[in-house]
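Work through the two exercises below. Each task is followed by a stepwise solution.

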Amino acid sequence: MPDSEYVIEMLHITKEFPGIIANDDITLQLKKGEIHALLGENGAGKSTLMSVLFGLYQPEAGEIRKNGEVVKISDPNDATALHIGMVHQHFQLIDVFTVLDNIILGAETAKLGFLQKDEARKKVSELSERYGLHVDLDAKVEDITVGMQQRVEILKMLYRDNEILIFDEPTAVLTPQEIKELMLIMRNLTKESKSILFISHKLQEIMEVSDRVTVLRKGKYVGTLETKNTTKEELSRMMVGRPVHLVVEKGPAHPADDILTVEHLTVPSKLHKNNAVKDVSFSVRAGEIVCIAGIDGNGQTELVYALTGLEKPSAGKLSLCGQNITSATVRARSKNGMSHIPEDRHKHGLILDYTLEQNLVLQRYWEPGFQNKGFIKFDAVRAYAQKLIAEYDVRSGQGPITKARSMSGGNQQKAIVAREIDKDPELLVAVQPTRGLDVGAIEYIHKKLVEQRDAGKGVLLVSLELDEVMNVSDRILVMYEGEIVGEFDPKKVTVEELGLYMAGAKRDRKESETA
Amino acid sequence: MKQKLSAFWAKDGTRSVCASLISILIGMAVGSIIVIIVGLTSKTISSKGAWEGVRLVFAGICSTGRDTVGNLTFGFSPVNLGNTLFRATPLILTGLSVAVAFKTGLFNIGAAGQYLAGTAATLFIALEIPSAVVPAWIIWILAFLGGLLAGAFWGAIPGTLKALLNINEVLTSIMTNWIAANLVTWFFDISNLKNVVEYGKTGYIYKTSFNGVSTPKLGLDKLFPGSQVNAGILIAIVLAVLVYIMMSKTTLGYELKACGANRHAARYAGIRDKRNIVLSMAIAGALSGVAGSLYWLSGNTEFFWSTYQSLPDAGFNGIPVALLAVNNPIAVVFTGIFMSALTVAGQQLKNLTAYNEYITNVITATIVYLSAFYLVIKMWISGRKKRKINKVQTSAVPDSADETQKALLDENARKEGDAQ
């Protein structure tokens with residue numbers, strides 16, 4: 001049937017991997033000129049489906065049609081020939097090349113081996129004007145903002161005359177202003193009869209920008225809806241398979257005694273000569289969530305390293321539960337009741353070559369319950385891992401013996417959260433615990449943080465996401481250039497006000513001690 | 001039965017062993033081709049001689065010499081088998097040494113130096129303590145422990161430099177190798193342990209048996225009469241089992257491997273990464289030290305003390321032994337014996353045919369080199385297996401598609417039920 005209403009159809013796609021069916025009979029139909037959102041949790045099969053469309057994987061069953069005709073896509077070149085283009089979540093740009101060079105890379109026009117850059121420049125400028133994609137063609141990619149890098153990626157697709165544009169989680173790296181801009185660009189693109197597949201797990205954006213939305217869950221097709229006829233709540237229920245509370249539910253905090261006190265802490269920087277953390281003092285009490293807000297790179301990482309013992313402070317004093325831990329080892333702090341959900345789960349959080357069960361006992365393999373005279377009790381480790389996997393719903397291909405490397409990001413994070421919370425700490429230091437996770441997982445982790453608080457533990461949350469800062473915390477400390485420049489009650493402060501402090505435009509007079 | 005077989009085949013271990021065996025066979029086949037080419041192009045070797053060479057490459061360990069007509073004879077050769085086991089002892093231990101370091105993320109290229117350190121300490125203790133005063137078995141134990149500790153110390157040096165100053169252990173190991181070679185030469189040069197009583201043994205140290213100290217045979221000499229084998233091989237096997245247990249069953253192994261796999265995460269978990277790096281190099285060094293110790297304590301070999309220009313082969317041969325065994329301590333026992341069997345086959349080739357010792361070395365090197373194609377072979381085996389599975393699945397899809405659809409419908413119905 002020619003003249004199909006759909007520009008791309010993926011019908012009954014099934015793709016299996018050892019131990020897991022990533023796509024189980026999934027159908028996705030993209031209309032010409034629409035923005036079609038593909039919604040699902042981590043591990044729901046979105047990326048696999050797109051990889052099938054892009055020719056990176058061959059499905060075991062199902063077929064792909066373009067304009068009604070069956071096509072075979074056996075590698076990315078086939079996809080390009082069909083005018084399918086993709087903006088990857090991690091940009092595929094060469095840092096030291098200029099914007100223009102990056103755009104034409106791989107599709108250069110040349111005469112006798114000489115690049116015809118003027119022609120290319122003309123075409124790119126035209127495109128960028130037509131779609132409102134403002135870029136500086138002669139700037140090097142390493143010097144431009146993330147938002148502009150993304151526009152470069154979009155121009156790359158347009159330069160190759162692609163008609164079907166896939167955006168893989170395009171907003172994950174953008175600021176709120178940049179997200180607004182991107183949405184405008186997407187609408188402009190559809191006006192010019194481009195069709196867009198928009199992969200996301202952020203409901204707000206999907207509601208704002210998409211025409212239709214297809215929901216996947218655990219590798220299965222759940223349904224396709226008109227965006228205007230649905231709600232965030234319905235979508236999240238379809239995605240997670242149960243009702244989700246989009247706002248963190250929590251009662252008032254009942255802070256008690258200090259769990260952690262930080263006095264005049266100074267930490268040298270590894271990047272430059274100045275101190276990364278300058279004379280910082282604050283405390284975390286039992287039964288409250290204190291959040292450190294700030295733009296990335298303002299000393300939060302170093303502060304956490306000093307708190308958790310990964311780096312030595314050059315001055316100051318730390319106490320945990322009344323004990324001086326300024327120069328205590330990591331293990332001693334851990335035994336004293338500190339748990340740490342690290343910022344970088346691949347660098348610190350997990351040993352990727354170890355199995356899930358080995359990773360789950362990483363903080364307590366030395367406890368008598370898991371070893372006897374130095375011999376690991378494998379049965380106890382397995383039983384404990386199975387308990388945590390069930391309790392915290394950690395999904396993986398082969399259960400306890402899955403290699404951590406092969407797990408999805410969300411489930412890796414769940415494993416870390418399970419390990420750190422199940423240790424029953426007095427103080428939980430959580431650094432960007434929901435980075436890169438979907439609504440279901442975010443809700444879950446926020447719930448766990450509040451549970452810890454309500455159980456009378458102290459929680460120190462370091463976050464870059466203002467939504468999270470405002471929703472979860474009981475007290476906000478804003479960090480700017482290594483100093484704490486303000487302390488707020490989330491109920492009494494606005495996001496705009498916080499933004500001013502985070503950008504360094506405003507600051508409270510320095511207090512010697514914060515209560 | 002069929003299911004059991006396929007389950008056995010699906011095991012990673014089975015595939016590893018198969019891949020190792022196939023790569024060894026390929027190595028020997030290519031080695032044979034070299035034997036044939038050399039044989040056919042050389043004036044001194046007839047085509048019959050070339051064919052004899054091939055037979056010796058594959059079955060040199062069973063060679064029993066020539067019969068009265070001059071044909072090669074094969075059969076049970078206790079001398080060759082016993083000597084294979086004797087020579088395997090240091091190879092297994094240096095192989096273990098390299099494997100332990102590899103498992104903890106370190107490349108111990110310093111096995112040769114650690115071997116020399118162990119050698120020097122062992123010989124000194126075994127020869128300097130008079131057996132008239134102290135019982136020989138006590139001297140043996142002291143000499144063994146001395147070799148172990150000296151090796152551990154020599155291994156700990158690059159370990160410490162790596163842990164504290166983050167200097168690459170490969171660089172420092174190469175340097176400690178040559179420092180050991182010169183130190184040992186100097187040490188024996190000024191010692192009174194040089195053999196001056198036997199004719200033709202200048203440049204050698206006394207055998208430990210001069211002091212009545214030698215590793216017991218434990219009946220192995222009855223099993224392999226005429227060979228040099230002794231209980232050292234049993235000690236090596238026991239140590240391999242102990243290393244296996246340490247690496248895979250204990251918290252120490254868990255920590256050591258964690259440091260190797262991700263030093264940052266290990267620190268995050270409160271594991272003392274610096275101590276562990278020193279420790280794994282010390283353990284690796286101790287194993288190489290024991291390699292030297294057991295080789296010379298046999299009592300029937302003598303040490304050429306002027307080593308400042310050359311490093312012992314046993315040190316470097318530990319690297320292919322470990323690689324071929326994919327760093328599995330138990331597998332190291334077998335690959336160590338295999339390497340030593342190759343050497344014995346090479347000797348037969350040299351003794352029984354016109355091939356000289358240099359071409360023999362080239363052939364053994366080729367076999368070892370090609371044996372390292374293990375990973376390629378393993379990928380090939382797994383790939384073939386996967387393709388087979390894929391085929392089965394595609395043919396099965398039409399039948400199961402209906403079922404999945406049904407299951408999905410069921411689920412949808414259930415969901416609607418939930419919603420209401």
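**Exercise 1.** At what angle do helix H13 (residues 378-392) and helix H14 (residues 409-422) of chain A pack, and how far apart are their axes?

*Basis.* This is a predicted model: local features need pLDDT of at least 70, side-chain atom pairs count only at pLDDT 80 or more, and totals for chains, interfaces and linings use all residues. Residues are numbered from 1 along each chain as written, and chains are lettered from A and ligands numbered from 1 in written order.

*Solution.*
1. Helices (H or I, at least four residues) and strands (E, at least two) are DSSP runs, numbered from the N terminus.
2. Axes are lines fitted to C-alpha atoms, for helices over the stretch in contact; angles run from 0 to 180 degrees between N-to-C directions.
3. H13(A) and H14(A) pack at about 110°, with axes 10 Å apart.
4. H13(A) is therefore roughly perpendicular to H14(A) (65 to 115 degrees).
5. Contacts (C-beta atoms, placed from the backbone, within 7 Å) join Leu388(A), Glu391(A) and Tyr392(A) in H13(A) to Lys414(A), Val417(A), Ala418(A) and Asp422(A) in H14(A).

**Exercise 2.** In what order do the four strands of the open sheet in chain A run, and with what pairing?

*Solution.*
1. Strands pair if DSSP finds at least two bridges between them.
2. The order is E14-E13-E16-E17 (chain A), with antiparallel pairing.
3. Strands E14 (275-285) and E17 (323-324) of chain A each have a single partner strand, so one side of each lacks a neighbour in the sheet.
4. Seven bridges join E13 (residues 258-268) of chain A to E14(A).
5. Pro268(A) stands opposite Asn275(A) in E14(A).

Definitions and conventions:
Parallel < 35°, antiparallel > 145°, perpendicular 65-115°, else oblique. Contact = placed C-beta atoms within 7 Å.
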